[in-house]
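Please read the following briefing beside the sequence and the model.

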Amino acid sequence: MSQLRLLPSRLGAQATGLLATRGIPRRSWRSRSSEPSAAFPNGTSGGGSSYVEAMYSAWLENPQSVHQLKHKPSELTSCSRDCSSPLQAPLLLPGCLVTFGGRNQIRGHHVAQLDPLGILDADLDSFVPSDLITTIDKLAFYDLQEADLDKEFQLPTTTFIGGSESSLSLREIIRRLESTYCQHIGLEFMFINDVEQCQWIRQKFETPGVMQFSSEEKRTLLARLVRSMRFEDFLARKWSSEKRFGLEGCEVMIPALKTIIDKSSEMGIENVILGMPHRGRLNVLANVIRKDLEQIFCQFDPKLEAADEGSGDVKYHLGMYHERINRVTNRNITLSLVANPSHLEAVDPVVQGKTKAEQFYRGDAQGKKVMSILVHGDAAFAGQGVVYETFHLSDLPSYTTNGTVHVVVNNQIGFTTDPRMARSSPYPTDVARVVNAPIFHVNADDPEAVIYVCSVAAEWRNTFNKDVVVDLVCYRRRGHNEMDEPMFTQPLMYKQIHQQVPVLKKYADKLITEGTVTLQEFEEEIAKYDRICEEAYGRSKDKKILHIKHWLDSPWPGFFNVDGEPKSMTCPPTGIPEDVLTHIGTVASSVPLEDFKIHTGLSRILRARADMTRKRTVDWALAEYMAFGSLLKEGIHVRLSGQDVERGTFSHRHHVLHDQEVDRRTCVPMNHLWPGQAPYTVCNSSLSEYGVLGFELGYAMASPNALVLWEAQFGDFHNTAQCIIDQFISTGQAKWVRHNGIVLLLPHGMEGMGPEHSSARPERFLQMSNDDSDAYPVFTEDFEVSQLYDCNWIVVNCSTPASYFHVLRRQILLPFRKPLIIFTPKSLLRHPEAKSSFDQMVSGTSFQRVIPEDGVAARTPGQVRRLIFCTGKVYYDLVKERSSQGLDGQVALTRLEQISPFPFDLIEQEAARFPGAELVWCQEEHKNMGYYDYISPRFMTILGRTRPIWYVGREPAAAPATGNRNTHLVSLRKFLDTAFDLRAFEGKTF
């Protein structure tokens, strides 16, 4: 510490030496005042001025004697009064005091008065930095004395505390810095490495008088607080024993969100997409989104019947979409609150994906029309890894939403967990520092400070198109929910909370005292809103049926009929004209740009594609190319996202070509197929599954007229995104009547690559499929499409490129949207037999849910002794083995391309075609994994339990696959031998 205190004098001494070596006389440059006491006190003769002042004095004597300055000295030292008299001239601010100002900007938040309860420091540390002048004795840290407080100093250009004044007394400098950085607002921004952005924030908060509000603005704020608080009071009175996760203790969040929306609307925003957890959601729906109050209140009626299919969800998870006029700006604004499960922060990437899609469809590349707001809890913001994953998408070209306003409802508690036990970082918001997002902490019991901070946050986002965090330091008046007793675990905190005067009363008293409103006006405002609630409550009693579709967060106008049902229950053929196939194949095997040098290995791949096109065949990559390209021709936007998808994990796709001689010069041939085609987006993602899959799910929510695909690097990697799969994809329609057509591409196959890169865990997806294994269906004319409409998702394992082509196109041609799970191959990408002819893809052809036996066995069905059903890659192992054993006429092989919903009708037909055959299910996965547990009871249902379905495959195991290549081959040989041993099941009972 003593070394730091000596630093100014040492710099001064160095300046003296420097001037002496340059022949500049050592005169009274120590101070521009003629009085010795005006020099900066340090006890060293001649060394009292800062280095800056010394250099300035030297420049006055000889401009060539010092290094060139970035700014003219006149700009650095401009004085508003006559500076010719040395007695009147203010001192230049010593370097140590410039440092002091910077330390307030950097560390002032540590001593800001942020906690409304006055119990904890928001940063969990009561230590006061010694370099902040919070008391008189701290002056000594800077070698100052109390007598120096009334000396006047010239202000540097790096501060705005002077306003129109260019100099202030030290006492006033300290007061203004404390007022800006150490009161009810704590700012963290000095880690931002952009000087312009830092200066912008300084100006917004340091300029004197910036937080002055007009009487009208104060009255509006009061009215919004009234609505926020009285809404919670009304629910508490009417349904005292119901969970609602109220906002009490942070009622200021409602005017905060409305301010962000108002300011954003003023700056041109037309569409705001919000995501938030359950706390305060009903209040946001009522007072921000403007959901009809009676539709909220009727949710509390236990006798309310559900009119829609599906499970529905609890009221504090539901979303909403609403278009209205913003009353402050008188402009149209569309607000969408995205439905969210109890999994805190899971909705974050979903909101970002939906926001990105809305920007894309509007041509809003800079985010000037569409933006997102995310509300977080303090414990979840610090504790949930998806927050970090989502932040790291914020500046990636294909994922950026051009800035999000994050609002943290900092209750200073997580359920029952003290923040000191819930995080290692000083603040719950520290994760935002990784993307240079400014963080504005604010005491939530100071409504005007909150509103100002939110206004600045909205302006920041719409000026710099970067994320910003508003940390509302507040408290939770009740327990985790209204039935919870918080005194068990936080007795001292809740003793203080019970004594805490509500923010509405505090603010109303303030405005009444200053004469902005009268007591009568305040009481009339309360009575007015209470009356609105009572009238809505009366109307809510008339509602007997709950329509979940009234809570839809992403409507698709014109896609369904007025009742929200599909316009038809048919799907047209998915094949396309041969000339279209040929054209796409030609472009896929070429480089559309001139003077573009590609890798020699890629040249071979393109030549192979051209050769296949001439021969009217496709492999897996070319079939995908043709599916995407044909949809683009039809005006369907296609977006493929995931880790390494541009090239493909297995180097098969190559949708982005790279010039070998020009850095970052790329070409996407798919965007050169047709004039006026829809755009194709293919983008390598960050190394994230949870965040990126959530993002793509949100992207797919925005429009039904897009094919949105997420590919896992390997199929088993989807398990780190399991929350998105379980809470949104599998159940989204049942809970929220939300259709979604997202496609998951999950590389799958037992190929001796070890436990981690083998299985995409099909058993998990099949277990969550909602079709009934014991219900014998009625086979109607539209059974195939109706079955798809009734399911929660579609699970396929394609064995041919043509099947892959058709199922991708069917995904768009269906009159509704369902998630599609595709277990994609690895070795089949280059398997010589895994090719399809144009004949299987031309107009009139369609996706085959089941590919029946069409070889020798099909011509002599009476001689078939065994019918093996299988799916995916194992079919090629079985074909090879059947041929090697000469059993082509005795063993039939039938492939299930679509596994769920189960193709009951086609399985029944195939089994009937071979009445004397023994039925076997063969899979390469272990018995307790894969498909067997799903297909077995469904086979029994369709066969009336008259014929068994025997299992052939690997034995049950804990790991999905072995890590030993030899063990893999031995187990493969074993189940292939069993599959073609026609006496294997003799004497066995099923």
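Angles between axes under 35 degrees count as roughly parallel, over 145 as roughly antiparallel, 65 to 115 as roughly perpendicular and the rest as oblique. The model is predicted, so local features need pLDDT of at least 70 and side-chain atom pairs count only at pLDDT 80 or more, while totals for chains, interfaces and linings use all residues. Residues are numbered from 1 along each chain as its sequence is written, and side-chain values use heavy atoms, with hydrogens and water left out.

The chain has 31 helices and 29 strands, where helices (H or I, at least four residues) and strands (E, at least two) are DSSP runs numbered from the N terminus. Of the contacts (heavy atoms within 4.5 Å) with a separation of 6 or more, 81% are between residues 24 or more positions apart.

**Helices**

- The axes of helix α7 (residues 215-238) and helix α14 (residues 447-464) come within 11 Å and cross at roughly 105°, where axes are lines fitted to C-alpha atoms, for helices over the stretch in contact, and angles run from 0 to 180 degrees between N-to-C directions.
- The helices α7 and α14 are therefore roughly perpendicular to each other, and at their meeting place K218, L221 and L225 in α7 are in contact with P447, E448 and I451 in α14.
- Helix α9 (residues 281-289) is mostly covered, with 9 of its 9 residues buried, among them R281, N283 and N287.
- The residue that follows α9 is R290, whose phi is positive, near 75°.

**The sheet of 7 strands**

- An open sheet of 7 strands has the order β18-β15-β19-β20-β22-β21-β27, with mixed pairing, two strands being paired if DSSP finds at least two bridges between them.
- The edge strands of this sheet are β18 and β27 (898-900), each of which pairs on one side only, and neighbouring strands are turned by 20° against each other on average, direction ignored.
- Helix α20 (residues 620-633) packs on this sheet and touches β15, β18, β19 and β20 (743-747), with its direction at about 140° to that of β15.
- Strand β15 (residues 637-642) is joined to the parallel strand β19 (residues 706-711) by 6 bridges, with L707 as the bridge partner of V638.
- Strand β15 is also joined to strand β18 (residues 680-684), again in parallel, by 5 bridges, with V682 as the bridge partner of L640.
- In β15, 6 of the 6 residues are buried: H637, R639 and S641 point one way, whereas V638, L640 and G642 point the other way.

**The sheet of 5 strands**

- An open sheet of 5 strands has the order β24-β26-β25-β28-β29, with mixed pairing.
- At its edges stand β24 (850-851) and β29 (949-954), each with a single partner strand, so one side of each is left without a neighbour in the sheet.
- Strands β25 (residues 866-870) and β26 (residues 891-896) pair in the parallel sense over 5 bridges, and the bridge partner of F869 in β26 is T894.
- Helix α30 (residues 932-942) lies across β25, β28 (918-926) and β29, and runs at about 170° to β29.

**Aromatic rings and charges**

- A search of the whole structure finds 39 aromatic pairs, in which rings of Phe, Tyr and Trp (its six-membered ring) have centres within 6.5 Å, with planes under 30 degrees apart counted as stacked, over 60 as edge-to-face and the rest as tilted.
- The pair of F765 and W793 is tilted, because the ring centres are 5.3 Å apart and the planes stand at 50°.
- This pair links distant parts of the chain, with F765 in helix α24 (residues 762-767) and W793 in the loop between α25 (783-790) and β21 (794-796), 28 residues apart.
- The charged end of R639, in turn, sits over the ring of Y399, 5.1 Å from its centre.
- Ring pairs also link F231, F234, W239, F297, F300 and Y537 into a cluster.

How values were computed:
Buried means under 20% relative accessible area, exposed over 50%, partly exposed in between (1.4 Å probe, protein chains only). A charge sits over a ring if NZ of Lys or CZ of Arg is within 6 Å of the ring centre and within 35 degrees of the ring normal.
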